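Visitor: I would like to go through this model term by term, and to hear on what grounds each label is given.

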Amino acid sequence: MRDRWIIIFILLLTGSFLLTVVSAEMPPMKSEKYQVPSEYPPHELGEIVRLGRAIVEQTNVHPLSKEYVGNSLTCSSCHLKAGTDPRAATFLGIATAYPAWSPREKRVITLEDRVLNCFMRSQNGMRPPLGSKVSTAITAYITWLSSGNTIRMNHEKPLGPNHVRPLKLRTELANAKRGATLFSNQCADCHGSEGTGGEAGPPVWGENSYNTGAGMSRNDKLAAWLKVAMPPDETNLSEQDALDIAAYVNSHDRPEFVLEEHLPEAKQLGVYRW
Ligand code: HEC
Ligand code: HEC
């Protein structure tokens, strides 16, 4: 009788130990629903959120943002469907990760700072002033896309719970030569054989593309994104294909990133460094 209780006790102990291990391994908040809210907020707040969405979709031509953009991309070029596509660098749920530790800036940054970083790097432009209408509108729109989600912040990196997962393949295994053939077969129709874009797709290299400070300029980041984002209607690249194509795309020239050239004069800046 006593033995039986001891066995049950041991089983319970191992069970709860295993449960702790498993839950520590699980990605955060799997049970949470990340979705576009069914309604805009009322009044002025709703208007700003709508404005933010419009800027995200027309960043390079919108009157409020175009002066801060140095290429022909929009936020939506990479954050597909204005960031509502759940896989390709989604904006769904990401406001829950901020304030977050940023290894790049070596400080804790806000969601607004993160938005402004994409202007300097992915948009090859100038950092809009903190608190400006353009910056507030985009940040309000992105925050709205986290409505109802639990704030957790992120003490490791400025990335939301649904960020693009890294490939398992080692980046050194990239074969740009093989990537060239794949690119002309699967990408050139829309992005042009010279990569400079056209009617059907934006430039992927050259002076109107993202600069060397952008996440996409790293082969591992670009490959992981391509795997879930391109070609738009049939995203079925293997890891090797995605990596080879990424290496080929990033082997071409693009604007060189020099931080100081993307920061406005001090009085326009707000605070960039602590
Ligand atoms: C050239 C592609 C590209 C463009 C253009 C771009 N971004 Fe990004 N952005 C990225 C990538 C890649 C990431 C990292 C996403 C990931 O790993 O899931 C990122 C990350 C972000 C994040 C943090 C996401 C998170 O999970 O916390 C925000 C916010 C953001 N971008 C906002 C913007 C805004 C606003 C614009 C337009 C002004 C913009 N981006 C333009 C590629 C781009
Ligand atoms: C059917 C046309 C089409 C095909 C095929 C296609 N793309 Fe795209 N691509 C687009 C469009 C359109 C966007 C911008 C998304 C948006 O604005 O909604 C885009 C965006 C991109 C971007 C991010 C923005 C930029 O220009 O840097 C990259 C990188 C990219 N594509 C690479 C590729 C690669 C590599 C392939 C081949 C595997 C590919 N695409 C195939 C249409 C296409």
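This is a predicted model: local features need pLDDT of at least 70, side-chain atom pairs count only at pLDDT 80 or more; totals for chains, interfaces and linings use all residues.

Visitor: What makes up the secondary structure of the protein chain?

Guide: The protein chain has 10 helices and 2 strands, and from the N terminus on its elements run α-α-α-β-β-α-α-α-α-α-α-α. Helices are DSSP runs of H or I with at least four residues, strands are runs of E with at least two, and both are numbered from the N terminus.

Visitor: Why is His-79 called buried, and what is Cys-118 called?

Guide: Buried means under 20% relative accessible area, exposed over 50%, and partly exposed in between, with a 1.4 Å probe and protein chains only. His-79 has a relative accessible area of 18% and is therefore buried, whereas Cys-118, with 25%, is partly exposed. In the protein chain as a whole, buried residues make up 47% of the 274 residues.

Visitor: How do you know which protein atoms are donors of the iron atom of ligand 1?

Guide: Donors are N, O and S atoms within 2.8 Å of the metal (3.2 Å for Na, K and Ca), and sites may look incomplete, since water is not among the atoms. NE2 of His-79 and SG of Cys-118 lie 2.0 to 2.4 Å from the iron atom of ligand 1, so they count as its protein donors. His-79 lies in the loop between α3 (75–78) and β1 (100–102) and Cys-118 in helix α4 (residues 111–120), so the pair ties together parts that are 39 residues apart in sequence.

Visitor: Why is the site of the iron atom of ligand 1 called octahedral?

Guide: Six donors count as octahedral if opposite donors are over 155 degrees apart and all others between 65 and 115. The site of the iron atom of ligand 1 has 6 donor atoms with angles of 85 to 178° among them, and is classed as octahedral. For comparison, ideal angles for six octahedral donors are 90 or 180 degrees.

Visitor: Which residues come closest to ligand 1, and what makes a pair of atoms a polar contact?

Guide: A residue is near a molecule or strand if one of its heavy atoms lies within 4 Å of it. Ligand 1 is surrounded by 24 residues, the closest being Cys-75, Cys-78, His-79, Tyr-98 and Cys-118. A polar contact is a pair of N or O atoms within 3.5 Å; within protein, one must be able to donate a hydrogen and the other to accept it, and residues adjacent in sequence count only if both atoms are side-chain atoms. A polar side-chain atom of Tyr-98 lies 2.6 Å from an oxygen atom of ligand 1, and a polar backbone atom of Gly-160 is 2.7 Å from an oxygen atom of ligand 1.

Visitor: Where do the donors of the iron atom of ligand 2 lie in the chain?

Guide: The iron atom of ligand 2 is coordinated by His-191 (NE2) and Met-230 (SD), at 2.0 to 2.3 Å. His-191 is in helix α7 and Met-230 in the loop between α8 (219–229) and α9, so the pair, 39 residues apart, links distant parts of the chain. His-191 has 11% relative accessibility and counts as buried, as does Met-230 with a relative accessible area of 15%.

Visitor: How do you know that the buried residues of α6 line one face of the helix?

Guide: In α6 (residues 176–186), Gly-179, Leu-182 and Phe-183 are buried. Seen down the axis of α6, these buried residues fall within an arc of 105°, so they line one face of the helix; the arc is that of the directions from the helix axis to the C-beta atoms. Lys-177 and Asn-185 are exposed on the other side of α6.

Visitor: Why is α9 called largely enclosed?

Guide: Of the 11 residues of α9, 9 are buried, so α9 is largely enclosed by the rest of the structure. Its buried residues, including Leu-243 and Tyr-248, pack against α6 and α8, where contact means heavy atoms within 4.5 Å.

Notes
Residues are numbered from 1 along each chain as its sequence is written. Chains are lettered from A and ligands numbered from 1 in the order in which they are written. Side-chain values use heavy atoms; hydrogens and water are left out. Four donors count as tetrahedral if all angles lie between 85 and 135 degrees; four count as square planar and six as octahedral if opposite donors are over 155 degrees apart and all others between 65 and 115; anything else is irregular.
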